[in-house]
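Have a look at the screen, and I'll walk you through a few spots.

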Amino acid sequence: MDRRTFLEVTSAPLGASALATLLPSTMSAAPALIQSKRSAIVVVGSGVFGVWTALHLREQGHDVTLLDAYGAGSSRATSGDETRQIRAGYGDRELYARMAQRAFAAWREREQEFGIPLMIETGRLELASDWTPSLRATQAMLTRLGVPVEALTSDDLRRRYPQMDTTGMGVGLLEPTAAVLRAKTSIIAAASAFTRKGGTLLVKRARPGSTDGRRLIDVETATGERFAAQTFVFACGPWLPKLFPQLLAERIKVPGREVFYFGTPSGDTRFSYPNMPNFSEDGYYGFPSVDGRGVKVCPTTGPVTFDPDTDERIVTPHEVRRARAFLAKRFPALKDQPITETRVCQLENTVDEHFIIDHHPDFDNVLIAGGGSGHAFKHGPVLGEYVAKRAVGEATDGAFDRMVRLVP
């Protein structure tokens, strides 16, 4: 059965009541979905890599069990913040830029299927004091791929965005079709679609279990249960180096990041969607206020190591001061506004910032998918399709395969 036929048979609009059934507080009810403790494929991790892979595998007709230590949409996950960005601008990295183009269409298709809005077209403004090789490469790539792009001068910036103080910024590169994705909502919606289509989702911490030569036989949970399968996909994000320390401890680093949402003045819509784009410059990026949360400000540096299980999700005074200093400089009308929300999350950075999607060198039936390096979320639906094909041995793009292999 092809994917389109499967969708026609199994899909229905996903409303608030369906989403509510998969909120972390109610996920303990998931074991009732178990029909068997043996599946053709077990996926470990329900972040952006895992949940979309599991959904695509199920849509291909495979028997899939999805295991996650904390549940889909958990605040411990790298995918757990409220918003993420999707853009096609990638410097000279054409494979990722083309993948992002396909992802835009895939997100819109999933919005229609799920019946909820997931993508908000805000645009993205990249600021710099002068043209850099990266900006030039991004402009050239977007132009070649037919993606709308505008080069703005300092005078253009002042006229177009008077709510921003662009002093010192001589160049702005605007990608008008870039957007904000509702991240946590998207993960929960994809997980709900997976279970609605017959997949099994369980809140359980799993690790590799028994083996037979070059084959993994099962995974073992923290409570001693075992789940056997023919194929295993470990898509555990920041937990990958913990599960496979000898293989990945030096390949994937897990730094922390602190994220701030600043309130906007009463009655002032200048800093809210659709009146302001996403923005980025050296050291910081952020979004306009979406869904009334406030202007998102994200410093691009932070703690070099972060434990997703045990470290507190509380912002530090030092990072608060840094974020406020940036806000006062770039958005002076917001300098006295309160912080309305905060998030503390982590990245899984690889040395070359490429994803890692490849078979475990010791096991023919184990695929590792992770190393998002801060840019995986936007590709979610397309990335899941790619990982699903790799998991079952279907043909994929050779150039992309080489780019994301475990051993460079």
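The charged end of Arg87 sits over the ring of Tyr90, 5.1 Å from its centre. By "over" I mean that NZ of Lys or CZ of Arg is within 6 Å of the ring centre and within 35 degrees of the ring normal. Arg136 does this too, with its charged end over the ring of Trp131, 4.0 Å from the centre.

Quick housekeeping: this is a predicted model, where local features need pLDDT of at least 70 and side-chain atom pairs count only at pLDDT 80 or more, while totals for chains, interfaces and linings use all residues. Residues are numbered from 1 along each chain as its sequence is written, and side-chain values use heavy atoms, with hydrogens and water left out.

Back to Tyr90. Ring pairs link Tyr90 into a cluster with Phe49, Tyr96, Phe355, Tyr386 and Phe400. Rings of Phe, Tyr and Trp (its six-membered ring) pair if their centres lie within 6.5 Å; planes under 30 degrees apart are stacked, over 60 edge-to-face, and the rest tilted. That rule gives 17 aromatic pairs. One of them is Trp52 with Phe114, stacked, at 6.3 Å centre to centre and 20° between the planes. Trp52 is in helix H3 and Phe114 in helix H4 (residues 94-114), so the pair ties together parts 62 residues apart in sequence. Helices (H or I, at least four residues) and strands (E, at least two) are DSSP runs, numbered from the N terminus.

Buried means under 20% relative accessible area, exposed over 50%, and partly exposed in between, with a 1.4 Å probe and protein chains only.

H3 itself (residues 48-59) has 12 of its 12 residues buried. At 1.5 Å a residue, its 12 residues should span 16 Å, and the end C-alpha atoms are 17 Å apart, which agrees. That expected span is 1.5 Å times one less than the number of residues. Just after H3, Gly61 takes a positive phi of about 95°.

Last stop, strands. They pair if DSSP finds at least two bridges between them. E18 (residues 278-281) points Asn278 and Ser280 one way and Phe279 and Glu281 the other, all buried. E18 runs parallel to E5 (residues 124-128), with 3 bridges, and Glu126 stands opposite Ser280. With E19 (residues 284-287), E18 pairs antiparallel over 3 bridges. In that hairpin, with 2 residues between the strands, Gly283 takes a positive phi near 100°.
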